[in-house]
Each structure stands twice: as C-alpha cells, then as structure tokens.
Amino acid sequence: MDAAGRPTLDRALRGYEVLRSEGLGVGVISVVDRQALALGPTALFDFMAEAGITSYGVNFAMPDPQPHAAPGTMVDHYITTAERTEFLIGLYDRWRAYDDRRIRIREIATVLHRLAKAPGGSLPCTYGGDCFGNLYTVEANGDVNHCCYLVGDPQYRWGNIMRQDFTAIRQSPNMTTVTAARARDEVELQRCPEVGVCRGGCPMEMYMSARHDPEPLSGCCGQADFIRHVRAHPVAEPSVGPVAVG
C-alpha cells in the first residue's frame, strides 16, 4: 500500500511493462517478509512467471539494527538463516522443475555461476566477500555508513561527506575496528566447506544472526546448505542476461 492506503501492484506492473516494451534490461527485487514466507517459494515463482518477470532477486526482510540486543532477541521482520535456506531451496526446486532457463533468479544464478567457476558476471555484494571499504551508504545529511541495513548502528558510521573526504572516511577509527573484527571472523569462515562459493557471505547477515537468530551462525555464512543442494541437483547455468541486483 502507498501512503494513501492504495494498492501499488498494478502500477508497478504497468511500469515494468513500459520499461520492457522500450527494450530496457529490467529486473525486480522481491522482499520476502513473514507474509511472503508463509505463502512459500512456489507462490512467489508462479506469480513472477505469470506476470512475465524473468529477472529478479530476493531480499529477505531485516529489522533495524539493535547494537546492544542480547543473542536470541525476538524482533519483527527477521527471517532466520534456516528459514532463508528452506525458502531458497524451494525456489530453486520450483525453478528447476519449471525448466525455463530464460528465467534468471539472482541467488540461483550466482551460485550456479560460482559452481561453474565461470569468469566475470555481475554478482550481488552478498557473495562478494569482504565489502568494508568497497560499499558505502550516504544519507541525506551526509553521513557515510557501511551498508544501508546497518544505518542506525553508530559503529558502522564512517564519517560525514560534508566535513571529510573519502580518504579520511576510509581511515576512520570505526572502519578500522570493524574491518579488523571482520578479518578475525574470516579465519573462522574458512572452515565452511562452501567458502569458495559464498566468499564468507554477508557481514550484515552475521550481524543480525548474532542478535536475533535462535541458532546463530558460527564458522559459516549460512549459505552452505543451499549451495550443497544446488550442487547435488545441478543444471546448466542460465544464459547471460540482466539480473536484479541490490
């Protein structure tokens, strides 16, 4: 719903059709919250297929950061690692059974690309490995933070572009501290048998898991079971095309 309480789906689909009719490469990002999780991955896939959407990615809903939350703190809008894995496996199985390789789902295409050890390609940041110092979010007031999901935790605020240049921002004490902590985590993440595919995963997901997941991540980014499932049920990597990123 928009601010006036009106539905937005029809307008969004019309906009998508306008872009596609003009020959533009266009993708969709679908946010999976508790309601979408309850509907399940088959419902999401079938809706996209019916709407003619052939390039999309999945972002799982995340709560606002709570720096001082105790482990296991219950919050709204958090999808656990186990729930994410189950959803992605179901999405992969439905995509595989549908057998239309023109459909490119970001998470599936990325894992297939990595398993095939194919060069190049535009991959999402969650499979990029260490992102500190390579990814920034700049707020309207000039604050420079790491990831947009971590805006609100002052530990991940590097500086302010209105008062500093990026040389100074990259040397901020906060970035130095966080980067050092991530380096220590990376040592543990090397224990994951799928680290060559997931590259250690997303620091934001580990941040949330440590505070809100009943089974916090340890020594693994949380993608291993999904990657193993794809490895055990292989298909050819889809042909190159635009993939929703973000």
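At 3% relative accessibility, W158 counts as buried, where buried means under 20% relative accessible area, exposed over 50% and partly exposed in between (1.4 Å probe, protein chains only). F132 is likewise buried, with a relative accessible area of 9%. This is a predicted model, in which local features need pLDDT of at least 70 and side-chain atom pairs count only at pLDDT 80 or more, while totals for chains, interfaces and linings use all residues. Residues are numbered from 1 along each chain as its sequence is written, and side-chain values use heavy atoms, with hydrogens and water left out.

Rings of Phe, Tyr and Trp (its six-membered ring) pair if their centres lie within 6.5 Å; planes under 30 degrees apart count as stacked, over 60 as edge-to-face and the rest as tilted. The count by this rule is eight aromatic pairs. In one of them, the ring centres of Y92 and W95 are 5.8 Å apart and the planes stand at 35 degrees, so the pair is tilted. Both Y92 and W95 are buried. For F132 and W158, the centres are 6.3 Å apart and the planes at 80 degrees, so this pair is edge-to-face. Ring pairs also link F132, Y156, W158 and Y207 into a cluster.

The charged end of R211 sits over the ring of Y207, 3.7 Å from its centre; the criterion is NZ of Lys or CZ of Arg within 6 Å of the ring centre and within 35 degrees of the ring normal. R101 lies over the face of W95, at 4.6 Å from the ring centre.
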